[in-house]
Amino acid sequence: MSQDKEKILSICNAISKDTLMETLDITYTDAGDNFLVARMPVTSKVHQPDGVLHGGATVALAESVGSAAAHVFLDTKNFYVRGIEIAANHVKGIKEGFVYAKATILHNGRTTQLWEIKITNGEGNLISNCKLTTIALPK
């Protein structure tokens, strides 16, 4: 998996150029047989007015890593993969540091897939728990 991991991370980081992921400084940092991890710095750029991480930025991170995971683990040669629903429960605030998003597939159906994306801080504390549903459409 080591070579595959480096290739996956290289591709995910390269295709982020000139996208929302680059704007939010999202970097893909780890990959395994059934997961993908990205991190995002928590700075004033992603704060809400009172100085904590904005829920919208958190959801953008979750959808970014979930969608990237779908492209890594699903058949994108024959299918377009699109997000069709995302939900998030924010359970803890954070003002600085990094947040890490780990996308893991819970259901891999022929048409729809369900991803769990846990957002944690540097100490591993849960910040948000997100659910992303994707759909595979024939090309």
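**Questions about a predicted fold**

Me: Leaving aside its neighbours within four places in sequence, which residues is T76 in contact with?
Reply: Contact means heavy atoms within 4.5 Å. With neighbours within four places in sequence left aside, the contacts of T76 are A70, H71, V81 and K139.

Me: Where is T76 found?
Reply: A quick note to begin: this is a predicted model, in which local features need pLDDT of at least 70, side-chain atom pairs count only at pLDDT 80 or more, and totals for chains, interfaces and linings use all residues. Residues are numbered from 1 along each chain as its sequence is written, and side-chain values use heavy atoms, with hydrogens and water left out. Helices (H or I, at least four residues) and strands (E, at least two) are DSSP runs numbered from the N terminus. On that numbering, T76 sits in the loop between α3 and β3 (79–90).

Me: Is T76 buried, partly exposed or exposed?
Reply: Buried means under 20% relative accessible area, exposed over 50%, and partly exposed in between, with a 1.4 Å probe and protein chains only. T76 has a relative accessible area of 24%, so the class of T76 is partly exposed.

Me: In what pattern do the helices and strands follow along the sequence?
Reply: The protein chain has three helices and six strands.

Me: What is the radius of gyration of the protein chain?
Reply: It is taken over C-alpha atoms, and the globule rule is 2.2 Å times the number of residues to the power 0.38. For 139 residues the rule gives 14 Å, and the chain's value is close to that, so it is as compact as a globular protein of that length. The radius of gyration is 15 Å.

Me: Which residues does A60 contact, leaving aside neighbours within four places in sequence?
Reply: A60 belongs to helix α3. A60 counts as buried because its relative accessible area is 15%. Apart from neighbours within four places in sequence, A60 is in contact with L20 and L24.

Me: How many Å apart in space are A60 and D18?
Reply: D18 lies in the loop between α1 and α2 (20–23), and D18 is exposed, with a relative accessible area of 63%. A60 and D18 are 42 residues apart in sequence. Taken C-alpha to C-alpha, their separation in space is 15 Å.

Me: What value is the phi of D25 near?
Reply: Most residues other than glycine have a negative phi. D25 is in the loop between α2 and β1, and D25 is partly exposed at a relative accessible area of 38%. Phi of D25 is positive, near 60°.

Me: How far apart do the centres of the positive and negative side chains lie?
Reply: Lys and Arg count as positive and Asp and Glu as negative, while His and the chain ends are not counted. Each charge is placed at NZ of Lys, CZ of Arg, CG of Asp or CD of Glu. With 14 positive and 14 negative side chains, the centres of the two sets are separated by 4 Å.
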